[in-house]
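Here is a short tour of a ligand site and a pocket. Have the model open as you read along.

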Amino acid sequence: MKPKVLVTREVFDDVLEYLSKHFEVISNQSDQPMDAETLASKLSDKQGAMITLSERIDATLLSRCPNLKAVCNIAVGYNNIDIEACNKAGVMATNTPGVLDDTTGDFTWTLILATTRRLTEAEAYLRAGQWDGWKLKQFLGLDVHHATLGIFGLGRIGQVVAHRATGFEMKVIYHDVRRAVSEIEEACRASFVSKEELLSQADIVTIHVPYSSATHHLIGKAELKQMKSTAILINASRGGVVDDVALIETLRSGTIAGAGLDVFENEPKFNPEFLGLKNVVLAPHIASSSKATRHKMAMLAAENLVAALTTGKPPNLLNPL
Ligand code: DGY
């Protein structure tokens with residue numbers, strides 16, 4: 001008898017076909033998000049699951065899933081999985097590192113350019129039929145070329161963002177919990193600075209750190225105050241790394257020039273106050289969403305699930321047990 005696995009959200013057909021060669025697959029191809037109770041009941045007799053960041057895996061859920069051996073996230077970030085609880089329950093957890101770095105880096109640049117050049121604000125004006133002619137001072141933005149880019153987190157995605165800055169002839173500074181090795185700094189042409197230096201010197205502050213209790217509200221009221229009044233903040237990492245209430249106040253008072261956000265606290269129920277602000281570019285957590293990359297993410301998660309339940313050695317194991 002094939003092991004039973006649950007695929008919690010819609011995936012590509014060939015990914016399901018691949019899984020079906022190894023498992024009895026129960027999948028939620030209608031893509032209705034599951035509440036905790038539905039997820040627990042659907043997972044209670046499964047050996048494995050392919051999940052997304054919308055599903056929370058914690059001790060309460062695991063206590064109801066005695067057969068579960070592996071949970072495979074279709075995401076590199078895994079703050080939806082309580083790793084400690086997985087360790088206690090003997091459940092392998094995996095993520096999808098590496099396959100989304102370029103696409104997420106590209107989208108970070110989409111946000112940087114759209115925010116500095118006020119693209120969504122200008123488009124809304126045009127769509128509303130308000131454009132009555134060229135004006136010298138219309139939608140004056142901020143130059144990206146030769147500006148200073150400040151990167152929080154020079155991991156895989158942060159490095160991609162730094163590489164892309166070369167074409168704009170930017171000065172790149174970064175801060176991280178650990179200084180990168182000199183080869184990475186040289187390849188990225190990035191100089192290590194303190195958090196305070198980054199905030200006060202950068203024209204563009206972009207965040208590429210994982211979410212955890214250590215990075216919760218890494219950027220709050222005090223940090224936003226340290227930024228230049230002409231600077232913009234970009235977040236394509238995780239909601240919760242930025243204090244959204246503080247950011248809204250800051251954007252409203254013009255203490256910084258703007259923000260470009262792909263992620264929010266409590267998403268998808270993000271703070272509606274953002275909608276009333278013109279100086280923010282908003283996206284629904286799509287930084288990794290190119291056709292090719294989302295397919296690679298789903299296939300890698302499937303490969304992790306197959307390896308976990310057949311060999312016990314998935315390539316992207318987060319918690320060697
Ligand atoms: C990730 O992989 O963590 C992304 O946020 C998912 O889009």
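The report below starts with the ligand and then turns to the pocket.

## About the model

This is a predicted model, in which local features need pLDDT of at least 70 and side-chain atom pairs count only at pLDDT 80 or more, while totals for chains, interfaces and linings use all residues. Residues are numbered from 1 along each chain as its sequence is written, and side-chain values use heavy atoms, with hydrogens and water left out.

## Around the ligand

Leu-53, Ala-75, Val-76, Gly-77, Leu-100, Arg-238, His-285, Ser-288, Arg-294 and Met-297 surround the ligand (a heavy atom within 4 Å). By class, this shell has 5 nonpolar, 3 polar and 2 charged residues (Ala, Val, Leu, Ile, Met, Phe, Trp, Tyr, Cys and Pro count as nonpolar, Asp, Glu, Lys and Arg as charged, and the others, Gly among them, as polar).

A backbone N or O atom lies 2.7 Å from a ligand oxygen at Val-76 and 2.9 Å from one at Gly-77. Ser-288 places a polar side-chain atom 3.0 Å from a ligand oxygen. Of the 240 Å² of accessible area that the ligand has on its own, the protein covers 89% (Shrake-Rupley method, 1.4 Å probe).

## The second largest pocket

The second largest pocket holds about 280 Å³ of space. Its lining has 13 residues, with Thr-120, Glu-121, Ala-124, Leu-277 and Lys-278 nearest the centre (on a 1 Å grid over the protein atoms alone, a pocket is an open set of points where a 1.4 Å probe fits, with protein on both sides within 12 Å along at least five of seven lines; lining residues have an atom within 4 Å of a point).

Helix H6 (119-127) gives the most to this lining, with 4 residues, and strand S12 (280-282) supplies at least two (DSSP runs, at least four residues for helices and at least two for strands). By class, the lining has 9 nonpolar, 2 polar and 2 charged residues.

Notes: A polar contact is a pair of N or O atoms within 3.5 Å; within protein, one must be able to donate a hydrogen and the other to accept it, and residues adjacent in sequence count only if both atoms are side-chain atoms. Grid points are joined across faces, edges and corners, and a volume is the space filled by probe spheres set on the points.
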